[in-house]
Amino acid sequence: MNVGVISRPKKGFSANGDSYVIEKIDQKILISVIDGIGHGVHADNAATKCVNTIKKYIQSSEDCNLIILFNRCHEALKSTDGVVMASILVDAPCGTIRYAGIGNIATRIIGMKNIYPIPRGGIVGYNMPAVKEYTYPYKRGDLILMYTDGIISRINSDLCIRLQNLEEQTIAEELFKQYARDDDDATLLVAREEST
Ligand SMILES: [Mn+2]
């Protein structure tokens, strides 16, 4: 998986309440994008705790189950202000992406058709509802975008298509330049596997 990513704090802050995880699990790849509620040190602490919980879960279990993953994070984050998070499990051999999301992290899969998974409302660590997992078709070469609400949410599809031939990091930088807001932590991640 090639990944391009930019994550930076709100203007004037050094602590970043946004975070992300990319982990390889056998043939699968887990990607989570996290936005700690608020900003500054509190948000940073919650997001960091979430990342650590995910890594610990991956290390200690045979497989990755997104619902268990969210439940573990919910338990671990109860002492914090919580986070919103979207997670995908990319399984190229099976041709699927599994997805679960709580709160406003945007996820898009641009392939044969555009897929926009819809997260459930709520906050991980605070009022998380039952987590639902969705499965979508996936093939190598599909472009995956994930971003926090520091990115204005309407990314133009034509622009994504125009940028498609560039490297993942360049795509991330171009989109970030056009869509990131100064007044919030902002993270934008672009992931793509080479098509075979
Ligand atoms: Mn935010």
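1. Let's begin with the core. The largest nonpolar core has 51 residues, and Cys50, Phe70, Val83, Met85, Val124, Met146 and Leu189 touch the most other members. Strand E4 (residues 83–91) gives this core its largest share, seven residues. Such a core is a set of buried Ala, Val, Leu, Ile, Met, Phe, Trp, Tyr and Cys residues joined through C-beta atoms within 7 Å. Buried means 20 or more other C-beta atoms within 10 Å of a residue's own, exposed means 12 or fewer, and partly exposed lies in between, with C-beta atoms placed from the backbone.

2. A word on the basis: this is a predicted model, where local features need pLDDT of at least 70, side-chain atom pairs count only at pLDDT 80 or more, and totals for chains, interfaces and linings use all residues. Residues are numbered from 1 along each chain as its sequence is written.

3. Cys50 is worth a look. Beyond its neighbours within four places in sequence, Cys50 is in contact (backbone-placed C-beta atoms within 7 Å) with Ile34, Cys73, Leu77, Val83 and Met85. Cys50 is also among the buried residues of helix H1, as are Ala46, Ala47 and Ile54. Cover for the buried residues of H1 includes strand E2 (18–25), strand E3 (28–36), helix H2 (66–76) and E4.

4. Now for helix H4 (residues 168–179), whose buried residues are Ile171, Ala172, Leu175 and Phe176. Seen down the axis of H4, these fall within an arc of 130° (from the directions of axis to C-beta atoms), so they line one face. They pack against strand E1 (2–8), helix H3 (157–163) and strand E10 (186–192). Exposed Lys177 and Gln178 sit on the face turned away from the buried side of H4.

Key:
Helix = DSSP H or I, 4+ residues; strand = E, 2+ residues; numbered from the N terminus. Contact = placed C-beta atoms within 7 Å.
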